[in-house]
Amino acid sequence: MDPTTDNAGYAGDPARSRASLEALRAEIAKAVVGQDPAVTGLVVALLCRGHVLLEGVPGVAKTLLVRALASALELDTKRVQFTPDLMPSDVTGSLVYDTRTAEFSFQPGPVFTNLLLADEINRTPPKTQSSLLEAMEERQVTVDGTPRPLPDPFLVAATQNPVEYEGTYPLPEAQLDRFLLKLTIPLPSRQDEIDVLTRHAEGFNPRDLRAAGVRPVAGPADLEAARAAVAKTAISPEITAYVVDICRATRESPSLTLGVSPRGATALLATARAWAWLTGRDYVIPDDVKALALPTLRHRVQLRPEAEMEGVTADSVINAILAHVPVPR
């Protein structure tokens with residue numbers, strides 16, 4: 001049965017919603033090989049109403065991953081290729097003069113969708129990058145003084161290339177902080193790459209997900225029921241203090257010039273809560289916090305130049321902090 005055809009029958013059933021969201025991994029695996037952590041991160045972001053920064057070299061299926069997720073959730077998706085000449089109105093939409101009515105009418109831009117793939121976001125100037133800020137934070141677009149709400153769910157999946165920086169405009173820290181998660185998309189293992197080539201040799205077409213067998217296994221009703229269940233997931237005072245201690249430790253690290261803000265601490269608590277629910281618990285444990293610490297915090301810290309020259313990375317600093325901060329019992 002198509003999960004979107006009988007919303008009333010299970011919209012309030014969190015167990016069925018969890019099973020449907022867990023089925024996403026198997027469904028997306030029909031199109032994308034070996035990217036389970038990224039799939040999980042995107043689902044966590046949807047549950048938390050957050051946005052995701054995807055970092056990986058070209059050709060590791062970042063675009064295909066987002067398209068497959070949209071198909072498996074039966075959500076609308078659009079893609080914008082960010083270039084140096086892209087204007088803010090190319091993303092948000094603009095007022096267009098209608099000669100028949102002699103009036104201006106609003107033509108929505110690609111941001112009016114459920115999943116927006118902002119491809120190579122760091123290749124467009126800050127003026128255009130900032131056009132997404134209101135959409136990401138307020139979930140609306142204001143044109144000519146009129147706010148226009150975006151659909152729900154709404155997620156921005158922005159990609160950037162980690163190895164080619166010439167002609168790019170690095171995202172400022174304030175904008176990076178708007179992303180709930182930063183997910184790294186690695187090159188596939190040898191066996192995964194063999195599987196990819198075998199699929200292509202057998203006729204797999206990444207532009208035709210239906211032919212690949214990707215079908216909707218969950219819908220907006222599942223997502224809404226899941227969000228309600230996540231909001232009821234219990235968080236003990238000890239877990240809250242653990243999250244605060246981790247974030248405060250980043251502000252005191254000698255390797256960092258910028259630590260995690262209170263917004264980052266709130267984000268870590270939210271993602272740990274969503275992960276706890278996805279794994280079948282109605283309460284958060286320290287392992288949930290540890291599991292989401294890297295993707296939630298790595299883009300919210302800034303390394304000292306001397307530490308960077310010594311080969312220190314944001315991930316290594318966070319891992320060291322996780323190893324030293326006392327774990328509640």
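Ala226 is part of helix α10, where helices (H or I, at least four residues) and strands (E, at least two) are DSSP runs, numbered from the N terminus. The structure is a predicted model, in which local features need pLDDT of at least 70 and side-chain atom pairs count only at pLDDT 80 or more, while totals for chains, interfaces and linings use all residues. Residues are numbered from 1 along each chain as its sequence is written, and side-chain values use heavy atoms, with hydrogens and water left out.

With a relative accessibility of 0%, Ala226 counts as buried; buried means under 20% relative accessible area, exposed over 50%, and partly exposed in between (1.4 Å probe, protein chains only). Leaving aside residues up to four places away in sequence, Ala226 touches Ser17, Leu21, Leu47 and Trp277, a contact being heavy atoms within 4.5 Å. Its C-alpha atom is separated by 22 Å from that of Leu183, 43 residues apart along the chain.

**Confidence**

The protein chain has an average pLDDT of 89, and 95% of the residues score at least 70; pLDDT is the predictor's confidence in each residue, from 0 to 100. In residues 1-11 the pLDDT is below 50, and this stretch has 18 contacts in the model beyond near neighbours in sequence.

**Nonpolar cores**

A nonpolar core is a set of buried Ala, Val, Leu, Ile, Met, Phe, Trp, Tyr and Cys residues joined through side-chain atoms within 4.5 Å. The largest has 72 residues, of which Leu21, Leu24, Ile28, Leu47 and Val289 touch the most other members. Leu24 touches Val43, Leu69, Ala72, Leu73 and Val217, again not counting residues up to four places away in sequence. A second, separate core has 23 residues, including Leu53, Val80, Phe112 and Ala158.

**Salt bridges**

The count comes to 15 salt bridges, each defined as a side-chain nitrogen of Lys or Arg within 4 Å of a carboxyl oxygen of Asp or Glu. Three of these pairs are listed below.

| Pair | N to O distance |
|---|---|
| Arg263 and Glu137 | 3.7 Å |
| Asp152 and Arg227 | 3.2 Å |
| Arg300 and Asp177 | 2.7 Å |

Arg263 forms a salt bridge with Glu137. Arg263 lies in helix α12 (residues 262-278) and Glu137 in helix α7 (residues 131-138), so this pair ties together parts that are 126 residues apart in sequence. Arg263 is partly exposed at 36% relative accessibility, and Glu137 is partly exposed at 39%.

Asp152 and Arg227 meet through their side chains. Asp152 lies in the loop between β7 (146-149) and β8 (155-160) and Arg227 in helix α10 (residues 220-231), so the pair ties together parts that are 75 residues apart in sequence. Asp152 is partly exposed, with a relative accessible area of 45%, whereas Arg227 is buried at 7% relative accessibility.

Arg300 forms a salt bridge with Asp177. The pair links distant parts of the chain, 123 residues apart: Arg300 is in the loop between α13 (286-297) and β11 (302-303), and Asp177 in the loop between α8 (173-176) and β9 (181-184). Both Arg300 and Asp177 are buried. A network of salt bridges links Glu137, Asp177, Arg178, Arg263 and Arg300.

**Surface patch**

Leu95, Tyr97 and Phe104 form a nonpolar patch on the surface, together having about 310 Å² of accessible area. Patches are made of residues with over 30% relative accessible area and no salt bridge, like charges being joined within 9 Å and nonpolar side chains (Val, Leu, Ile, Met, Phe, Trp, Tyr) within 5 Å. Accessible areas come from the Shrake-Rupley method with a 1.4 Å probe; for residues, only the protein chains shown count as cover. Phe104 lies in strand β4 (residues 103-108) and is exposed, with a relative accessible area of 57%.
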